[in-house]
Amino acid sequence: MQPHTIDVQTESADYRVLVGRGLVREVGARLRSAGIRPRIAAIVCDESVGAGAGSAVEASLASAGIATLRLPMPASEERKTLATVESLCAAMLDVGLDRACAVVAVGGGVVGDVAGFAAATYMRGIACIQVPTTLLAMVDASVGGKTAVNLVRGDGTLAKNMIGSFTQPGMVVCDPEVLATLPARDLRSGLAECVKHALIADPAMLAWIEANADPLHAADPDTLCELVARNVRIKARIVGEDEREAALRAYLNLGHTFAHAIEARMHGAVTHGEAVAIGLVAACAPGEAMGVTDPALRVRTVAVLQRVGLPVTLPRAVRAGELLDAMASDKKKRDGALRFVVPHAAGNVQVEFGVPAALVGRAWAAVGG
């Protein structure tokens with residue numbers, strides 16, 4: 001079966017996203033056919049997939065005549081820092097990587113972000129190929145060129161994604177077969193971003209996700225191919241129109257202002273996708289209070305999220321004041337005001353600035369805050 005091919009066209013670069021079964025074993029050949037011929041490829045690989053996807057990618061590059069350097073890393077938020085980028089760049093310099101070389105990121109969002117930022121800054125920029133191995137990374141993080149690391153504050157806490165760049169990849173290769181070994185919780189977490197995309201731009205996908213929940217949970221590769229391709233098309237269209245988040249791309253932050261605060265206060269108790277799911281429910285509440293969101297939308301959103309096994313309330317009680325404090329460091333503020341993406345209806349979301357604190361508190365109350 002021919003892979004799904006989605007072309008991403010942005011102001012700074014055009015590239016191709018391939019979605020298909022078995023592609024992890026064809027990365028080298030696909031690069032060659034696209035005219036991408038790095039002298040050496042530094043494979044920045046999640047330690048947990050090194051024996052599977054990492055080795056498959058390495059073998060495919062070798063078969064295509066591309067020399068490789070394997071650079072494993074733990075895929076944790078604590079390692080998503082400038083110190084990790086520095087160690088990767090030092091290793092690349094030690095073996096003589098230059099601008100004729102490339103980075104190949106094999107892993108989830110953490111690896112993709114770190115490797116992408118290292119590629120964007122090493123020698124002022126070398127090519128980066130994204131080979132995502134989680135559903136979350138396939139449908140969201142690997143496409144669009146956002147690369148970043150966390151800033152470590154003086155007290156040891158992390159300011160999420162505070163240092164980064166918009167640098168588009170040279171190619172993205174998604175093979176849903178690698179998701180067969182993904183933990184069930186991580187697979188479910190990726191579905192949160194799919195529900196988000198449906199709310200933004202494809203209302204019919206809400207029903208499709210509900211109808212296909214069972215094969216999705218079973219990691220059926222054909223069903224996942226369709227899901228990934230459908231979501232990448234949405235992401236490609238949005239970033240193609242607004243590469244640097246000046247307007248339309250902000251819609252992709254639906255639920256995320258809440259999600260980042262949840263992650264900051266839950267200290268690992270929820271995954272990013274779980275936080276996004278809760279954030280999607282919370283995001284409906286301000287719109288309801290302002291009279292622009294039909295309450296039925298929150299009911300519908302809750303139903304879809306529960307059908308795919310995602311949480312819709314906080315796992316434990318947290319004071320709304322703590323959550324509001326966590327929001328204060330959100331990097332998407334403008335003139336000191338938080339930006340909220342408010343869903344008016346499925347397929348219609350809008351950006352709102354200066355939402356009153358009382359309405360934000362109501363949103364937290366809607367999810368148990």
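Modeller: In this predicted model, the buried residues of helix H12 pack against helix H6 (184-201), helix H7 (204-211), helix H11 (272-290) and strand E10 (339-345).

Colleague: Which residues of H12 are the buried ones?

Modeller: They are Leu-297, Thr-301, Val-302, Val-304 and Leu-305. Seen down the axis of H12, these buried residues fall within an arc of 165°, so they line one face of the helix.

Colleague: How do you know that the span of H12 agrees with that of a helix?

Modeller: H12 comprises 13 residues, 295-307, and at 1.5 Å a residue it should span 18 Å. The C-alpha atoms at its ends are 19 Å apart, which agrees with that expectation.

Colleague: What is found at the start of H12, and what just after H12?

Modeller: At the start, a side-chain oxygen of Asp-294 comes to within 2.9 Å of the backbone nitrogen of Ala-296. Just after the helix, Gly-309 adopts a positive phi of about 80°.

Colleague: Which residues touch the most other members of the largest nonpolar core?

Modeller: Val-17, Ile-209 and Leu-227 do so, in a core of 102 residues. H11 gives the most to this core, with ten residues. Neighbours within four places in sequence aside, the contacts of Val-17 include Ile-6, Val-143, Val-172 and Val-232. A second, separate core has 25 residues, among them Ala-42, Cys-89, Val-103 and Ala-115.

Colleague: How many disulfides does a search of the whole structure find?

Modeller: The search finds zero. For Cys-101, the nearest cysteine sulfur is that of Cys-89, 13 Å away, and Cys-101 is in no disulfide.

Colleague: What makes Cys-101 and Cys-128 buried?

Modeller: The term applies under 20% relative accessible area. Cys-101 has 3%, and is therefore buried; Cys-128 has 6%, so it counts as buried too.

Colleague: Why is Thr-81 called buried, and where does Thr-81 lie?

Modeller: Thr-81 has a relative accessibility of 8%, so it counts as buried under the 20% limit. Thr-81 lies in the loop between strand E4 (67-73) and helix H3 (82-94). Leaving aside neighbours within four places in sequence, Thr-81 contacts Val-149, Asn-150 and Val-152.

Note on methods: Residues numbered from 1 in each chain as written. Predicted model: local features only at pLDDT ≥ 70, side-chain atom pairs only at ≥ 80, totals over all residues. Heavy atoms only, no water. Helix = DSSP H or I, 4+ residues; strand = E, 2+ residues; numbered from the N terminus. Expected span 1.5 Å × (residues − 1). Buried < 20%, exposed > 50% of the residue type's maximum accessible area, 1.4 Å probe, protein only. Arc of directions from axis to C-beta. Contact = heavy atoms within 4.5 Å. Polar contact = N/O pair within 3.5 Å; in protein donor to acceptor, adjacent residues only side chain to side chain. Core = buried A, V, L, I, M, F, W, Y, C linked by side-chain atoms within 4.5 Å. Disulfide = S-S within 2.5 Å.
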